[in-house]
Amino acid sequence: MPSDNGATSPLGACTDPQKPVKLRARLRSMASNVFISGVSSGFGRLSALALARRGHRVFGTMRDLHGSNRAVSTELVTAAQQLPGSIVAYDMELEFERSVKGAVGQVLSDAGHLDVVVNNAGTTTMGLAETMTDQQMLHAMDVNVIGHHRVMRAVLPSMRARKSGLLIHISDTLGRVAVPLMGIHCASKAAIEALADAYRYELAPLGIESTVVQPGFFPTGFVDRLEVGDDHQRADGYGPMADKLDALGDAVREVIMGKDPPDPQMVADTIVTLVELDPGSRPDRFVVDGRDGSDLLRVNDAHRRAQSEMMVKLGLDDGE
């Protein structure tokens with residue numbers, strides 16, 4: 001299985017400065033059919049436009065396409081009309097299997113096949129873990145993990161039939177390291193990390209690759225859409241820790257909105273790079289950090305070694 005050996009985004013921090021050059025040398029120019037969930041804003045929108053600029057055909061989904069996101073959808077599709085590629089928008093709600101199956105079915109009917117699937121849509125929560133109600137945690141897991149899995153189940157039969165394809169899973173830094181006051185979010189992203197690895201091992205013999213993109217903190221507006229714990233009374237027994245939520249929010253805002261904020265276009269460019277790399281040359285993970293991603297690179301390297309050792313112990317090592 002391909003390993004990034006410490007590689008990050010071509011525009012991000014990298015322990016091997018020559019690796020991005022080598023990766024770019026293997027880029028393909030062939031247009032691909034790319035499915036992206038969550039193109040109404042943030043990384044999804046930027047990635048859709050970046051791919052269309054390169055001539056790829058993008059099939060993007062968003063919630064409430066004909067309602068609150070009608071103007072957003074129209075703007076996105078119209079912008080793509082001036083580009084070499086194309087963008088078509090579809091309505092999809094990750095929490096409902098029928099919606100996911102319907103959207104993917106329509107995309108496959110329109111596109112004929114999918115070369116790449118980018119699981120990008122998700123939600124972010126912040127607050128003491130105990131203040132998050134059962135319903136809030138179920139919602140976070142339903143959107144970030146089970147919704148992700150619904151998309152995989154909908155697209156994989158067609159990819160397996162063609163014996164080719166690329167799955168790109170958008171995680172983030174907090175899928176590898178947990179921080180207080182964002183435990184539920186960290187748990188959902190950690191689940192995505194594990195699920196992506198399982199898919200990678202299970203699908204590799206079928207010609208389907210699975211790669212994780214791990215962005216750091218970028219100004220995509222997610223701070224303004226954070227969901228906080230509803231059970232406020234639970235915070236009473238936490239003392240000073242209960243008062244740190246606002247401080248954490250301020251710290252995150254400073255990282256992403258302070259002096260020289262990182263450009264989220266870096267993440268979109270990374271996705272373009274992954275799409276255009278030759279099959280078999282894609283890494284298992286890309287760290288995309290506008291400041292310093294060295295800490296996460298070390299975590300990934302340690303995880304990779306432990307994962308490899310476990311595979312050997314279980315007799316599942318494929319010799320790569």
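Q: In which helix do D197 and R200 both lie, and how many residues apart are they?

A: This is a predicted model. Both D197 and R200 sit in helix α6, residues 183-203. They are three residues apart, about one turn of the helix.

Q: What do the side chains of D197 and R200 meet in?

A: Start with the general idea. Side chains of opposite charge can pair when their charged atoms come close. Here D197 and R200 meet in a salt bridge, with N to O at 2.9 Å.

Q: Is D197 buried or exposed? And R200, buried or exposed?

A: The cut-off for buried is under 20% relative accessible area. D197 has 6% relative accessibility, so D197 counts as buried. R200 is at 8%, so R200 is buried too. Now look beyond the pair. Salt bridges that share partners join R176, E193, D197, R200, D284, R285, D301 and R304 into one network.

Q: How many salt bridges does the count come to?

A: The count is 16 salt bridges. One of them pairs E276 with R54, at 2.7 Å from N to O.

Q: Which parts does the pair of E276 and R54 tie together?

A: Place each partner on its element. E276 lies in helix α8, residues 265-276. R54 lies in the loop between α2 (42-53) and β2 (57-62). The pair therefore ties together parts that are 222 residues apart in sequence.

Q: What is the relative accessible area of E276, and what is that of R54?

A: Read each partner by itself. E276 has 3%, so E276 is buried. R54 has 47%, so R54 is partly exposed.

Q: Where do D142 and R150 stand, buried or exposed?

A: D142 is buried, and R150 is buried as well. Their side chains meet in a salt bridge, 2.8 Å from N to O.

Q: Where is P205 found, and is P205 buried or exposed?

A: Find the element, then read the area. P205 is in the loop between α6 and β7 (208-215). The cut-off for exposed is over 50%. P205 has a relative accessible area of 71%, so P205 is exposed. P205 and K163 are 42 residues apart along the chain, and their C-alpha atoms are separated by 9.0 Å.

Q: Which residues form a nonpolar patch on the surface?

A: Look at M310, L314 and L316. Together they have about 310 Å² of accessible area. L316 belongs to the segment after α9 (294-313). Its relative accessible area is 51%, so L316 is exposed.

Conventions: Residues are numbered from 1 along each chain as its sequence is written. This is a predicted model: local features need pLDDT of at least 70, side-chain atom pairs count only at pLDDT 80 or more; totals for chains, interfaces and linings use all residues. Side-chain values use heavy atoms; hydrogens and water are left out. A salt bridge is a side-chain nitrogen of Lys or Arg within 4 Å of a carboxyl oxygen of Asp or Glu. Helices (H or I, at least four residues) and strands (E, at least two) are DSSP runs, numbered from the N terminus. Buried means under 20% relative accessible area, exposed over 50%, partly exposed in between (1.4 Å probe, protein chains only). Patches are made of residues with over 30% relative accessible area and no salt bridge: like charges are joined within 9 Å, nonpolar side chains (Val, Leu, Ile, Met, Phe, Trp, Tyr) within 5 Å. Accessible areas come from the Shrake-Rupley method with a 1.4 Å probe; for residues, only the protein chains shown count as cover.
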